[in-house]
Amino acid sequence: MADFPYRCALILGAGPGISASLARRLTKIGLQVGLAARDVEKLKPLARETAAAVFAVDASQPEDVAKLFLDMEHQVAEPDVVIYNASSRVAGPLSNVDPVAVEKAIAITAFGAFLAAQQAAKRMEPKGHGAIFFTGASAGMKGFAQSAAFAMGKFGLRGLAQSAARELGPKGIHVAHFNIDGSVRSSRRPDPSDHPDSTLDPDAIAQAYIDVLAQPRNAWSHEIDLRPWTERF
């Protein structure tokens, strides 16, 4: 895709599943890729496969995220695509869920997304070009019982995406939020043999991100719902 409008992507919260599929597809169409996560050991096989650079980061810490973007620039290139996939779950009843764990979960899921978007915007605004994508979930649309922390984080992420889109879109920066509304297929969570295509294929999810990246600015999508045909909503 020689005419693809982007050249370098940074994926925060990288790991197996959606991030790995994204890294493979982005590399295949010619982008340089950086992978960032707290645990970089798990990224080494994917990095070898995709020739991606790997960075350790605590996405909830401003200094870490600022350093990540500088390291990405020095070691690879300045990213014109930033994808925020990091999130954290803490389940339990409101009456006894650990407040410290809830605070950390919200910091990773929502505050970290703000930090990444801020660093991306600083670099993209002067050029009038770039894309910032956020990976959401069903919890950003409806809060489930005993899942307040995840709902607060994903609702915050969605609010950030809406605000950023309205601010940065007119400056030439494509902001999109992807609602992953269903279970994502994996080796640990395969499709039931009697119910094929009842989970989301991470490769198909990644292709949806690529399709949105390729949109011309006169027809940008902002919020995309992705769910298998069997999912109720």
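## Helices α3 and α4

α3 and α4 are oblique to each other (under 35 degrees counts as roughly parallel, over 145 as roughly antiparallel, 65 to 115 as roughly perpendicular, and the rest as oblique). The numbers behind that: the axes of α3 (residues 62-75) and α4 (residues 99-124) cross at roughly 40 degrees and come within 10 Å. Axes here are lines fitted to C-alpha atoms, for helices over the stretch in contact, with angles running from 0 to 180 degrees between N-to-C directions. Helices (H or I, at least four residues) and strands (E, at least two) are DSSP runs, numbered from the N terminus.

As for who touches whom, α3 brings P62, V65, A66, F69, L70 and E73, and α4 answers with F111, L115, A116, Q119, A120 and R123; contact means heavy atoms within 4.5 Å. Sorted by class, this contact has nine nonpolar residues, one polar and two charged. For that sorting, Ala, Val, Leu, Ile, Met, Phe, Trp, Tyr, Cys and Pro are nonpolar, Asp, Glu, Lys and Arg are charged, and the others, Gly among them, are polar.

## Where this comes from

This is a predicted model, where local features need pLDDT of at least 70 and side-chain atom pairs count only at pLDDT 80 or more, while totals for chains, interfaces and linings use all residues. Residues are numbered from 1 along each chain as its sequence is written, and side-chain values use heavy atoms, with hydrogens and water left out.

## Helices α1 and α6

Now for another helix pair. α1 and α6 pack with their axes 8 Å apart, at an angle of about 50 degrees, which makes α1 oblique to α6. Their crossing is right-handed.

On the α1 side, the contact uses I18, S21, L22, R25 and L26; on the α6 side, it uses P202, D203, I205, A206, Q207, Y209, I210 and L213. The class count for α1 with α6 is nine nonpolar, two polar and two charged.

## Salt bridges

The whole structure has 14 salt bridges, each one a side-chain nitrogen of Lys or Arg within 4 Å of a carboxyl oxygen of Asp or Glu. One of them pairs D203 with R25 at 3.8 Å, N to O. This pair ties together distant parts of the chain, with D203 in α6 (residues 202-213) and R25 in α1 (residues 18-28), 178 residues apart. D203 is partly exposed at 32% relative accessible area, and R25 is partly exposed at 26% (buried is under 20%, exposed over 50%, partly exposed in between, using a 1.4 Å probe and protein chains only).

Another bridge joins D58 and K104 at 3.2 Å, N to O. Here D58 sits in the loop between β3 (53-56) and α3, while K104 is in α4, 46 residues away. D58 is buried, at 13% relative accessibility, whereas K104 is partly exposed at 31%. Then there's E223 with R158, at 2.9 Å, N to O. E223 is in strand β7 (residues 223-226) and R158 in α5 (residues 148-168), 65 residues apart. Both ends are partly exposed: E223 at 30% and R158 at 21%. Finally, salt bridges with shared partners join R38, D58 and K104 into one network.

Conventions: A crossing is left-handed if the near helix is turned anticlockwise from the far one by less than a right angle, and right-handed if clockwise.
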